[in-house]
Amino acid sequence: MPAAGHGQLAPDAAGLLTLLAYGVNLRSRTGADPATLEATVTGALALYAK
């Protein structure tokens, strides 16, 4: 059963997580500050917090 079926992940969050991982990967390779990357991830995930 998918994570959404267990109440662990919002049904529309998979696309966001994919794009977020891709963006963080690209930005980290170009030397982005780790604190900035963490703030970006935290902010995006806050949209799906229960």
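This is a predicted model: local features need pLDDT of at least 70, side-chain atom pairs count only at pLDDT 80 or more; totals for chains, interfaces and linings use all residues.
The secondary structure of the chain consists of two helices and zero strands. Of the 50 residues in the chain, 8% are buried.

Two packed helices are described by the angle between their axes and the distance between the axes. Helix α1 covers residues 13-29, and helix α2 covers residues 34-46. The angle between α1 and α2 is about 170°, and their axes lie 11 Å apart. Because angles over 145 degrees count as roughly antiparallel, α1 and α2 are assigned to that class. On the α1 side, the contact is made by Leu16, Leu17, Leu20, Val24, Arg27 and Ser28. The α2 side contributes Thr36, Leu37, Thr40, Val41, Ala44 and Leu45. By class, the residues in the contact of α1 with α2 comprise eight nonpolar, three polar and one charged.

Ala44 is located in helix α2 and is one of the residues that form the contact with α1. The relative accessibility of Ala44 is 13%; since buried means under 20%, Ala44 counts as buried. When residues up to four places away in sequence are not counted, Ala44 touches Leu16 and Leu20. Both of these leucines belong to the α1 side of the contact. Leu17, also on the α1 side, is 27 residues from Ala44 along the chain, and the C-alpha atoms of Ala44 and Leu17 are separated by 8.8 Å.

Terms used: Residues are numbered from 1 along each chain as its sequence is written. Side-chain values use heavy atoms; hydrogens and water are left out. Helices (H or I, at least four residues) and strands (E, at least two) are DSSP runs, numbered from the N terminus. Buried means under 20% relative accessible area, exposed over 50%, partly exposed in between (1.4 Å probe, protein chains only). Contact means heavy atoms within 4.5 Å. Axes are lines fitted to C-alpha atoms, for helices over the stretch in contact, and angles run from 0 to 180 degrees between N-to-C directions. Angles under 35 degrees count as roughly parallel, over 145 as roughly antiparallel, 65 to 115 as roughly perpendicular and the rest as oblique. Ala, Val, Leu, Ile, Met, Phe, Trp, Tyr, Cys and Pro count as nonpolar, Asp, Glu, Lys and Arg as charged, and the others, Gly among them, as polar.
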